[in-house]
Each structure stands twice: as C-alpha cells, then as structure tokens.
Amino acid sequence: MIEVVCAIVEQHGRVLLTQRSEQMRESMLWEFPGGKLEAGETEHQGLVREIKEELGIDVQPYHRLDPVQHPYPNHTIVLIPYLSHYNGGVISLLEHRAYRWATPDELADFNWCPADVLIVEAYLELVKNRG
Ligand SMILES: Nc1nc2c([nH]c(=O)n2[C@H]2C[C@H](O)[C@@H](COP(=O)(O)OP(=O)(O)OP(=O)(O)O)O2)c(=O)[nH]1
C-alpha cells in the first residue's frame with residue numbers, strides 16, 4: 001500500500017488545488033498537493049517536504065482528516081489529508097500544470113483524482129459545520 005499525504009491549504013476562505021501534468025500518472029486531474037511518504041519520515045515531514053519540492057512554499061499541517069483508500073489499476077494508495085497553514089513563499093509550478101485558489105462552492109466543478117472525492121466531501125462538511 002502506497003501512503004500519500006496531501007495538504008488542504010486554506011487562505012482567505014479559499015483552498016489550494018493543483019492540476020497534475022501530462023507527465024504524471026492520473027494526468028490532468030485535480031488534487032490537493034502532496035505526494036508519497038518516504039521511508040522513515042513522519043506524515044508531517046513528508047507533507048512539508050513534498051509541498052516545498054513541488055510548489056516552493058512552506059506549509060504547516062495541523063489537523064489530520066480521515067484517510068481514504070483507493071485502488072488504481074497498478075497500485076493502491078491510502079491518501080492522508082491534513083488541514084495545513086500557508087506559512088509563506090511564492091507558488092511556483094515545479095511539477096504541476098496549474099493551480100487554483102478555489103472557494104468551497106467551486107470544488108464540485110473540478111475533475112478530481114478519484115481518491116479525492118470523499119476527501120472533498122469531508123472537507124465541505126467540515127466547512128459547513130464551522131458555520
Ligand atoms: N499528491 C496527491 N496525490 C494524489 C491525490 N489523490 C490521488 O489519487 N493521488 C494519487 C496520484 C498518484 O497515484 C499518487 C501520488 O503520487 P505522486 O506522483 O503525486 O507522488 P510523488 O511526487 O511522491 O511521486 P513520484 O514522482 O516520486 O513517483 O497518489 C492528491 O490529492 N494528492
């Protein structure tokens with residue numbers, strides 16, 4: 001099972017989404033930025049490292065949401081989402097095709113990686129309950 005961590009980064013009521021590039025698996029689909037955990041690293045360390053590597057920004061994970069398991073044709077992943085603070089840096093698209101800061105209302109309009117659908121739902125529920 002491949003463990004993938006992803007960050008739900010919020011700023012001014014919007015959330016950061018990234019679109020996978022033509023070269024990546026699950027190409028052109030939208031996701032929360034992140035990537036695979038490496039051996040010996042904690043979820044926090046892996047998430048901070050991945051976001052720095054692919055977007056050049058600093059994030060601080062602060063709240064773990066329920067992981068979602070998803071079987072892709074050649075590999076099964078468990079996707080582990082963290083609400084995360086944006087700690088600075090300017091976004092550079094070092095691996096992705098595009099990024100957006102989307103409002104919760106807009107999230108349903110994106111063509112998501114299938115593993116993210118339940119995570120988007122859980123996030124929307126959380127936003128609703130915040131009032
Ligand atoms: N980062 C990320 N990956 C996701 C999400 N949803 C989802 O199904 N995935 C899948 C896509 C890939 O199959 C896998 C993550 O692989 P990746 O290619 O982004 O990770 P990585 O940068 O560590 O990969 P690699 O190039 O070193 O192989 O998880 C998501 O929200 N964020």
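# Questions about a predicted model

Author: Let's start with the outline: this protein has 2 helices and 8 strands. Helices (H or I, at least four residues) and strands (E, at least two) are DSSP runs, numbered from the N terminus. The model is a predicted one, in which local features need pLDDT of at least 70 and side-chain atom pairs count only at pLDDT 80 or more, while totals for chains, interfaces and linings use all residues. Residues are numbered from 1 along each chain as its sequence is written.

Reader: How do you know which residues of α2 are buried?

Author: A residue is buried if 20 or more other C-beta atoms lie within 10 Å of its own, exposed if 12 or fewer, and partly exposed in between, with C-beta atoms placed from the backbone. In α2, Ile119, Val120 and Tyr123 are buried. They cover an arc of only 100 degrees around the axis, which puts them on the same side of α2. That arc is the one made by the directions from the helix axis to the C-beta atoms. On the other side of α2, Glu125, Lys128 and Asn129 are exposed. Over the protein's 131 residues, 27% count as buried.

Reader: How does the length of α2 compare with the span expected at 1.5 Å a residue?

Author: The expected span is 1.5 Å times one less than the number of residues. Helix α2 (residues 117-130) has 14 residues and reaches 20 Å from its first C-alpha to its last, close to the 20 Å expected. Just after α2, glycine 131 takes a positive phi of about 85 degrees.

Reader: Why is leucine 107 called partly exposed?

Author: Leucine 107 has 18 C-beta neighbours inside 10 Å, so it falls in the partly exposed class. It lies in the loop between β8 (98-102) and α2. Leaving aside its neighbours within four places in sequence, leucine 107 is in contact with Ala102, Val120 and Leu124; a contact requires C-beta atoms, placed from the backbone, within 7 Å.

Reader: And why does glutamine 60 count as partly exposed?

Author: Glutamine 60 has 15 C-beta neighbours inside 10 Å, so it counts as partly exposed. This residue is found in strand β5 (residues 58-64). Not counting residues up to four places away in sequence, glutamine 60 touches Ser84, His85 and Asn87. Its C-alpha atom and that of valine 9, 51 residues apart along the chain, are separated by 8.9 Å.

Reader: Which residues come nearest to the ligand?

Author: Near means a C-beta atom, placed from the backbone, within 6 Å. Of the 17 residues around the ligand, Glu31, Gly35, Lys36, Cys113 and Ala115 come nearest. The elements giving two or more residues to that shell are β1, β4 (34-36) and β7, and the largest share, 3 residues, comes from β4.

Terms used
Contact = placed C-beta atoms within 7 Å.
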